[in-house]
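Subject: Structure for you to look through

Hello,

Here is the structure you will be working with. Please open it and keep it in view while you read the notes that follow.

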Amino acid sequence: RHTHGGYGCNFNTCNENELQEYLIKIKRHGVVGIVPTIMTDDIKVINNQIKLLKKIKSKGAKILGIHLEGPFINSLKSGIHPQKHILLPSIENLAKIDTENVKILTYAPELDTDGSFLEELLKRQIIPSIGHSNATYDQASKVFENGADQITHLFNALPSIHHREPGVVTAALNNDNIYVEIIADLEHIHKSIIEIILKLKPKEKILLVSDSLPISHSNLKETIFGGQKIFYNGNKATSKNGVIAGSTLFLDDIYKKTSDFIKFRDFIGYSSFNIAKSLGIQGYGKIEIGIEYENTTLWNKN
């Protein structure tokens, strides 16, 4: 649902051979279906990569759609995204992109002042996900009321919780109907914060994602990501200015780091079952050896 690649493959720059190799290798990690993420970039690059992802005949994990993380984000919360390619969320700008296979689009709703961009996403059956946003509590709550129900990597590239000025994070934690992505690599979010999220949110609304980088499971110590050099120090990947990029782990790696406080059964629910449900995809998100998770009973079994 949220991965930028791995094994040296970057979904913003990869060719067909690199993509095919990644799709084969990722299955070794228990991943049978992905929604590859394309980050903020030049529109031509975005469309070229969408075209590649659409036409690939995968010999490994299946591509279940595409996640566009940007370019319709807030420059104040751009993180590692190149600011020169950020666009305002408008129907006119959206029309520049081939969205036929786009499943999720991360955007900053506070810049969609009249709500027409959100309305267009819903019309195209694209899942709107709030991310890289500076939205206030009221702005986020209004967007939730109008059809958005997901947050991209909660806490990361979003305003921190403030006791007098609650923002989008507080709005998401306060609303039991909102899905929240968590990068649980213990680099993006402290263990104690993850534990708070697990206590506050309904189990069926928690989405564990890798947000893995092309550098993940490669021999690379540095790479170009978002148009700039990213350095890997053995634990996390950052820009030269210390801005953290995506994760260097896949989901099975993340389980190894969180198994002391997240039960295996719950981890499968958060990282697989809930992902499939949030995407509205059938036939994924369950383990069929020994036990099968059903929609109505996953979180009721002991």
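**Strand 6 and the sheet around it**

In strand 7, I66 has V102 as its bridge partner. H67 is bridged in strand 7 as well, with I104 as the partner. Strand 7 covers residues 102-107, and its pairing with strand 6 is parallel, over 4 bridges.

Before going further, please note that this is a predicted model. The average pLDDT of the protein is 93, and 94% of the residues score at least 70. Residues 290-297 stay under 50 in pLDDT, and the model has 14 contacts for them beyond four places in sequence. Where pLDDT is low, the predicted coordinates should not be read in detail.

Back to strand 6. One of the residues involved is T37, whose bridge partner in strand 6 is H67.

**Helix 1**

Helix 1 spans residues 16-25, and its buried residues are L19, Q20, Y22, L23 and K25. What do these buried residues pack against? They pack against strand 1 (5-6), strand 2 (9-10), strand 3 (33-34), helix 2 and strand 5 (62-63). At the start of helix 1, a side-chain oxygen of N15 comes to within 3.1 Å of the backbone nitrogen of N17.

**S212**

S212 sits in the loop between strand 11 and strand 12 (222-225). Is S212 buried or exposed? It is buried, because its relative accessible area is 1%, and the cut-off for buried is under 20%.

The side chain of S212 makes a polar contact of 2.6 Å with the side chain of T3. The S212 side chain also reaches the backbone oxygen of G5, at 2.8 Å. Beyond its neighbours within four places in sequence, S212 is in contact with H2, T3, H4, G5, S247, L249 and F250.

**Cysteines**

How many disulfides are there in the whole structure? The search finds 0. A disulfide is a covalent bond between the sulfur atoms of two cysteines. For C9, the closest cysteine sulfur is that of C14, at 3.9 Å, so the distance is too far for a bond. The cut-off for a disulfide is 2.5 Å. Looking from C14, the closest cysteine sulfur is in C9, again at 3.9 Å.

Both cysteines count as buried, C9 at 1% relative accessibility and C14 at 3%.

Regards

Methods:
Residues numbered from 1 in each chain as written. Predicted model: local features only at pLDDT ≥ 70, side-chain atom pairs only at ≥ 80, totals over all residues. Heavy atoms only, no water. pLDDT = per-residue confidence, 0-100. Contact = heavy atoms within 4.5 Å. Pairing = 2+ DSSP bridges. Helix = DSSP H or I, 4+ residues; strand = E, 2+ residues; numbered from the N terminus. Buried < 20%, exposed > 50% of the residue type's maximum accessible area, 1.4 Å probe, protein only. Polar contact = N/O pair within 3.5 Å; in protein donor to acceptor, adjacent residues only side chain to side chain.
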